Amino acid sequence: MSAIPVLPFPAGVERGILLLLSFAFLLLGAEVFTNSVEWLGHRLGVSESATGSILAAVGTALPETLIPVIAILQGGESASHVGVGAILGAPFMLATIAMFLVGVSVYYFRTRRVHGPELHFNEATTRRDLSFFLVGYVIAFSAAFVPDNGFGLGQETVQYVFGAALVLLYIVYLYRSLQAGELVESEDLDALHFGLLFERFAARLGYNPRKHGENPHLFFVAFQTLFALGIIIGGAHLFVTEIEWVSQEVIDIPVAIVALLIAPLATELPEKFNSVLWISRDKDTLALGNITGAMAFQGTLPVTLGIVYTDWDLTLAWGTTGFLNAFSVILAVISGGILYARARSAHNDPMSFKPFLVGGVFYAAFIALLVYFVVFLGITTGGH
């Protein structure tokens, strides 16, 4: 895509414009998606907590999930680095910078929110999501340290056992999520965007339609949801393409680090935008569930691909990309563990925005180590 001159500008300016356009697509897609996915959950009879934890979380997780899939299918050592980095980068971003933005958003919108600087959330849902993420991610981390002989069973066999356990774990998570929570009331939902557009179009043709915006048919809801996902996926992939060009041509850093840090930062933007929008509208359960549900998904299913189909490069050897991969997992688990402990002690009481700011500290710590590895240790794409 980047090789096609679509704009009549110098190459650098063109790439910058494409980067801004991709950002705009992500914003637009997030707005349209948050509007439709609430109606989708209502029409399907899914609880508010499950709507955030499953429908919104998995839907907006598609862009970053496709990156390792494509990398694995392409094959090669470089593709393996991209696959592992993209798989590990997504939950790391969610557990750190995404949670940080939740706390910042609650504080920023405190004067317009009914709940002010406090986060009113579903404590049981948050604990469930984070517990499945923590268990799954620790299992995935452990898989990297299986000995070559696979405890006498063969390394490949043990890897498949780890993968099967993680898939089963997510199936259990889906079952428990769908059994919990209350259905969101339709009067609490904003009018469906596509329904309003259809009403205006029909009115110009002299047709007096029913209220497709305030009481939309499932067809309109599903169509808008798929349309929004298309915008999000397209915008995320364009963002990744352009940000990779910036990293390689402008600042010159290894592809493994791009995959671990920069690509997930772009593809995780939908979750961040959706949650910020919901927080500004006092829909805290949807906002937090959107992130914690994505963490449960990213900590179980995509990591299965990494364990089975890549070299799953996590190591405690200092000065390697494998160490950075392992460090990102450790930080994500600690950050998620802190929020789990805080949610567990809340007992359905509102939670302050402050615990969420810890994620920003962990993200900054990782960036500091990354800079040290690149600048002072001269880490390369191969991890040396």
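Is Phe220 buried or exposed? Phe220 is buried, with a relative accessible area of 16%. Buried means under 20% relative accessible area, exposed means over 50%, and partly exposed lies in between (1.4 Å probe, protein chains only).

This is a predicted model: local features need pLDDT of at least 70, side-chain atom pairs count only at pLDDT 80 or more, and totals for chains, interfaces and linings use all residues. Residues are numbered from 1 along each chain as its sequence is written, and side-chain values use heavy atoms, with hydrogens and water left out.

Now to the rings. Rings of Phe, Tyr and Trp (its six-membered ring) pair if their centres lie within 6.5 Å; planes under 30 degrees apart count as stacked, over 60 as edge-to-face and the rest as tilted. The count comes to 22 aromatic pairs.

Take Tyr107 and Phe353. Their pair is tilted, with 5.1 Å centre to centre and 45° between the planes. Tyr107 lies in helix H3 (residues 77–108) and Phe353 in the loop between strand S2 (351–352) and helix H13 (358–375), so the pair ties together parts 246 residues apart in sequence. Helices (H or I, at least four residues) and strands (E, at least two) are DSSP runs, numbered from the N terminus. Tyr107 is partly exposed at 40%. Phe353 is buried at 15% relative accessibility.

Phe220 has a partner too: Phe198 and Phe220 form a tilted pair, 5.0 Å centre to centre, with 50° between the planes. Phe198 lies in helix H6 (residues 193–204) and Phe220 in helix H7 (residues 218–251), so the pair ties together parts 22 residues apart in sequence. Phe198 is partly exposed, at 28%.
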